[in-house]
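Visitor: Hi, could you walk me through this model? I'd like to start with pockets and then chat about side chains.

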Amino acid sequence: MTVKKNQEYEVIIEAFGNSGEGISHINGYTLFVSGALPGERVKVAVTKAKKNYGYARLVSIEEPSPDRMEPGCPVAKRCGGCELQHMSYEAQLRFKVQRVVDCLTRLGGVSESAVAGPEVIGCVDEPWHYRNKAQFPVGVDRESRIAVGFYAARTHAIIPCGDCLIQSPVINRIKNVIEKCIDDADSVKHIYIRHAAATGQTMVCLVVPKKTAVLNRIKEAVLSEIKEVTSLCVNIHPDDTNVVLGDVFESLYGPLYIEDIIGDLRFRIAPESFYQVNPYITEKLYQKALEYAALTGEEIVWDLYCGIGTIGLFLSKKAKKVIGVEVVPQAVKNAKENADINSIENAEFYCGTAEDIISRAVGDKEVGRRGGGEATDAAFNLAELPDVVVVDPPRKGCDEKLIEAIGSAAPERIVYVSCDPATLSRDIARFRPYGYELEKACVVDQFWQTKHVETVALLVKRRKH
């Protein structure tokens, strides 16, 4: 049977795809069905038919899975931000664990026995209202009305939302107040909000092409109605790009930062700095990184892609010294401030791309002597190579040049914090020629209701016998 576009078929869903979609087969032909769960018998309509595989939309569910849930959000299917709202939380965890295991074995070349039954850190309460950061695009709908919400999957169509079920309630309240103030969609490009769960401090950043009267209206409304707002700023961004934030920030009220607490450490966060989005899981994530680092107080730790220094400062309590590298200047400034705020004296932070700085440092012959000498580059003064390297890269993973430099530095352990199991697995394979193998991994579910998953992996240097 030839599978054709726009034709309807009845199929059995056999497994999950990488994005949580269902996978079925018709005479060996693979169909990906968004919104379908393994074990279900469903009717589907083919929307795209390639030679060996295709995509289909769900028409009806003939036999539902016991894991099926009714999405709590009325725009869940249109928005596409919460791809897993239609399944129970237990099923979400099973999907994410299997996705990590499949990537590690298939892409990373890790044996199945090495990743069988990995440790899992997940939600212990209700998996809603957790996100401490939101970026709401502003535009118009089909009726030319102001629309504030989220982009539909793979489009620039804005799906308006009232109260997003995965955002912190205060973020939703702020968004709703600001939306009422906007009468011209061209006056505001994005509403960017950060909330610190531990301190209650909240930042509102208005991304605008230029300053207009709407800023005063928003300022007056927000400060009078939302007591949690401690920082209100404007980001001037006239360029028409996919990058949300421009380079220029100006305060309209309060400082250009908020502060939050993780464990016993206090962190200052600028609008453009990376910060983990789930405050209920972040400390557990960092504790796992600390456990994998296995520090005794004598180790030199490199914290690469360090952001505002959260992981490095967390590890500094049990390290001899921590050296952090980050490409965002404001984040490095925050990292140094955070070290001072917490009276941490054994941490240093440098600005630049990790691959360039570390390659230069490792290539310096003076640096090559563990425990002695000084680098000739005064901008990055490394007297010792690392015992432990921590990397927390963006979704695209580590730069290949950085992997080569870390391999040359030959640390005993690499703690890899990843938000994408595919690029994590690719990088594990890239580290293998330098003698590193995955010893263990922990699946950390930070992104409830979505397909995304965090993983903490420990790579250990194997010694030749």
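**Pocket and side chains**

Guide: Happy to! The second largest pocket holds about 230 Å³ of space. This is a predicted model, so to speak of local features we need pLDDT of at least 70, side-chain atom pairs count only at pLDDT 80 or more, and totals for chains, interfaces and linings use all residues. Residues are numbered from 1 along each chain as its sequence is written, and side-chain values use heavy atoms, with hydrogens and water left out.

Visitor: What counts as a pocket here, and how is a volume defined?

Guide: On a 1 Å grid over the protein atoms alone, a pocket is an open set of points where a 1.4 Å probe fits, with protein on both sides within 12 Å along at least five of seven lines; lining residues have an atom within 4 Å of a point. Points are joined across faces, edges and corners, and the volume is the space filled by probe spheres set on them.

Visitor: Which element gives the most to the lining of the second largest pocket?

Guide: That's S10, with three residues. Strand S8 (133-140) and strand S10 (158-160) are the elements giving two or more residues to this lining; strands are DSSP runs of E, at least two residues, and helices runs of H or I, at least four, numbered from the N terminus.

Visitor: How do the lining residues divide?

Guide: Into five nonpolar, two polar and four charged. Ala, Val, Leu, Ile, Met, Phe, Trp, Tyr, Cys and Pro count as nonpolar, Asp, Glu, Lys and Arg as charged, and the others, Gly among them, as polar.

Visitor: New topic: how many aromatic pairs are there?

Guide: A search of the whole structure finds nine. One of them is Tyr-280 with Trp-448, stacked at 6.4 Å centre to centre and 20° between the planes. Rings of Phe, Tyr and Trp (its six-membered ring) pair if their centres lie within 6.5 Å, and planes under 30 degrees apart count as stacked, over 60 as edge-to-face and the rest as tilted.

Visitor: Is Trp-448 buried or exposed?

Guide: Trp-448 is buried, at 4% relative accessible area, while Tyr-280 is partly exposed at 48%. Buried means under 20%, exposed over 50% and partly exposed in between (1.4 Å probe, protein chains only).

Visitor: Where does the charged end of Lys-317 sit?

Guide: Over the ring of Phe-314, 4.5 Å from its centre. Lys-175 likewise has its charged end over the ring of Phe-136, 5.9 Å from the centre. The rule is NZ of Lys or CZ of Arg within 6 Å of the ring centre and within 35 degrees of the ring normal.
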